[in-house]
Amino acid sequence: DLLEGSYRLITCKRMPTGALFGKEYRLIVVENGENTLHIAQREAKLTDLLSDKPIPDFVLYDENHLPVSMAEFCGNQPNLLMWLEEGKEPTEHILNEVYALHEGFHALQAQITFVVKSAESLKDARISRAISQIPNIRILYDDFRDTMSMLARRMYIDPDKLPIVVLTSHGLNGIYGSSGYNVGLGDLIIKIFSELNQ
């Protein structure tokens, strides 16, 4: 029950870019009247999920423990960077999606890089299964401290929730970031890169 008067109701959805998508409803309440209001959140287009955040160059390491400048490594092409924590459930979920959608990931016009802590990580069944289905996956190494934290904060995602997934266009220009596991992330990644290449 509400007092007579003019009312406004606003629903909001926070986008991965940090923006809020709002939808506003206005209604008049009269004495002994009844109002029915169907509310929903504002729908977003795929392009509304994307951002444009330059990322400063950072260093990861190759299998020989040599530093790799990510500005050079990423080059002038789209990239998918995934910090994976083997054996942990959130990482296993995205790896299951990558495996299930391996044909789509294999066809991506983007460089795919798995970032892990050590060569031991590659023995994980789900990581090795994904690599076997998508042989063009690159592997780099990180200690999962400062670099990953800087990148996550730059993309406005939680650095404490693995896996960290960052999509870039044309080198180190961050367009989408995700932390933890979100259902349908694998399909969303494919759609984003497909949209970029149109």
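Leaving aside neighbours within four places in sequence, which residues is Phe114 in contact with? In this predicted model, local features need pLDDT of at least 70 and side-chain atom pairs count only at pLDDT 80 or more, while totals for chains, interfaces and linings use all residues. Residues are numbered from 1 along each chain as its sequence is written, and side-chain values use heavy atoms, without hydrogens and water.

With those sequence neighbours set aside, Phe114 is in contact (heavy atoms within 4.5 Å) with Met82, Leu84, Leu95, Ile127, Ala130, Ile131, Ile137, Arg138, Ile139 and Leu140. Phe114 also belongs to the largest nonpolar core, which has 28 residues. A nonpolar core is a set of buried Ala, Val, Leu, Ile, Met, Phe, Trp, Tyr and Cys residues joined through side-chain atoms within 4.5 Å; buried means under 20% relative accessible area, found with a 1.4 Å probe and protein chains only. Leu80, Phe105, Phe114, Leu167 and Ile189 touch the most other members. The largest share of this core, 6 residues, is supplied by α6.

Asn79 lies in strand β6, residues 79–83; helices (H or I, at least four residues) and strands (E, at least two) are DSSP runs, numbered from the N terminus. Asn79 counts as buried because its relative accessibility is 0%. The side chains of Asn79 and Gln111 are joined by a polar contact of 2.9 Å. Such a contact is a pair of N or O atoms within 3.5 Å; within protein, one must be able to donate a hydrogen and the other to accept it, and residues adjacent in sequence count only if both atoms are side-chain atoms. The Asn79 side chain also reaches the backbone oxygen of Cys74, at 3.1 Å.

How values were computed:
Buried < 20%, exposed > 50% of the residue type's maximum accessible area, 1.4 Å probe, protein only.
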